[in-house]
Amino acid sequence: MNSPMHQPIAPAPDWSRVRTEFPLLKRTVYGRPLAYLDNANTSQKPDRVIDAVSQFFRERNANVSRAVHALSEEATNLYEGARSTLAEFIGVQSDQELVLTSGTTMATNLVAYSFLLPRLKPGDQVLVTTMEHHANIVPWQLACERTGAKVVAAPINQRGELILERFVEMLTPKVKFAAVTHVSNVLGTINPVTEIARECRRRSIPLLVDGSQAVPHMPVNVSAIGCDFYAFTGHKMCGPTGTGVLWARRKWLEAMPPFFGGGDMIREVHIESSTFADPPQRFEAGTPNIAGFVGLGEAVRYLSELGMDRIRAREQELLVYAQERLREIPGLRIIGEARHKAAVISFLVEGAHAHDLATLLDLEGVAVRSGHHCAHPLMQFYGVPATCRASLAFYNRCEDVDQLVAALHKACKLLV
Amino acid sequence: MGQSGVLPLYREQLLEHNRVPHRWGDLDVADACAHGRNALCGDELRIEICCNSGRIRDYAFEAEACVITTAVASILGDRVIGMDMAALELLQKAFERILCGSSGQEPVLGELNAFAELAQFPARRKCARLPLATLVAAMAGQHVATTEEG
């Protein structure tokens, strides 16, 4: 919390100017201005990030941690600099506790295979919640299938909030690991991860928090949360695709065997056996996404300069406006009305299938996602096959929401 | 592509099939039944058929699906009466040609030619494919079908 990155910056950014820094938002779709409301899927990228990646390839491209020449030194400094920037951004003291991955999915799989698999026995349980993304369910299932353990889910209420008492009751001695999303990608629900971490610590149950939808939208201080693992992805926070982070407590990283083998993760290799590098390099076999992390480092500096507090406040304003306007649509039902929620709005319109709505909105230049959003158990809980989801970012405008609402009126006239 | 390139997909003729689908419901006596499901997008339908000497004599369906899937299933029921498996496979190949844009119109498809606009919407083709895949599965004695890969 003492990081300068988390301190409010005055004055408030001029959000209409900020929007102009995202070149893609200037384009049209089917002759209409683009209203990009699929930010939970991936974010758009500002000029600064695009330029950083481009400049890396034009001026500094080399492999990291291998050659002694000047370019390699520069590339290594940039790549390792991104690790430090990311560590500071999420409130972590040591950047050596950050494993740079291809995204959250690789991070959860690394934990599943390297940390969890050797610890599970028949009858053990892994506790998740009903609102998890498949990336925070399936890796645990695969580990459980190999060991005779099973994944169990703590329930949510109709508003889409985790029933914390039930979660705590389910933290029995059988539970060897817990995994919870910080913010739901479908409902927008912000989970009380600090309380969850406290309850897990009391019982010595390691906890992973999936921060994919949290880190891009609010200040996150991983040390203050008190979890054991925290994973997030770069492309949802203005960075390039193929970048992500696994933060883990040093004691766990040191205890974890390698997951991928290859170059960069070894100390010494003989034909019969090898010795391995210390974390985090132990888990970063092969040439990493160097340019991607150069871009992500720049994205973090960009977000920090805007101020994560200000980004959160801006998105909350947009959320309130969008929910109010969407309620004007006859037959529209918002799925997920948690008291603490991020700017993600899943909705259904009676008599209209989500895919038809999404295609008709697309024709009006409005990009939303339709489908199950990689959260089948959540769809099953609400008894719906699919929803439409509008997810907002700080560079959206009230006009984007107006365009969505006008397009929905038009689509409903056709379908309902 | 302008909006005019898309709206034919949601033309009144297809919307009407979605509002009042033909051959909706169950058959009193069914020889075969298959369940089509595209779990990723949330389209589901059930097709029942009654056959005579290998030819479809009756057809009924129910769906919880998008306009595209529902309209294809509705039109399909009228189209396939009297067809055997070989005719169905020819129909499926012709439908595939218009979905992929390698052919604009196919006489065998009749009203199904209305879906030629899907050549411009690759992401929605699986919705159109689901009813025919489900019908072929029912004819082949299988009980489930999907047109989602993987």
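In the predicted model, 50% of the 150 residues of chain B count as buried, that is, under 20% relative accessible area with a 1.4 Å probe and protein chains only. Chain B exposes about 6,500 Å², of which carbon and sulfur atoms supply 51%; accessible areas follow the Shrake-Rupley method with a 1.4 Å probe.

Four helices and four strands make up the secondary structure elements of chain B, in the sequence order α-β-β-β-α-α-α-β; helices are DSSP runs of H or I with at least four residues, and strands are runs of E with at least two. The radius of gyration of chain B, taken over C-alpha atoms, is 14 Å, close to the 15 Å from the globule rule for 150 residues, so chain B is as compact as a globular protein of that length. The globule rule is 2.2 Å times the number of residues to the power 0.38. The C-alpha atoms of chain B fill a box of roughly 45 × 35 × 30 Å along the principal axes.

Among contacts in chain B with a separation of 6 or more, 58% come from residues 24 or more positions apart, a contact being heavy atoms within 4.5 Å.

Chain A is divided into domain 1 (50-304) and domain 2 (307-415), with bounds from an automatic or database domain assignment. The contact between these domains takes 30 residues from domain 1 of chain A and 29 residues from domain 2 of chain A. Their C-alpha centres lie 28 Å apart.

Residues are numbered from 1 along each chain as its sequence is written, and chains are lettered from A in the order in which they are written. Local features need pLDDT of at least 70, and side-chain atom pairs count only at pLDDT 80 or more, whereas totals for chains, interfaces and linings use all residues.

Definitions and conventions. Heavy atoms only, no water.
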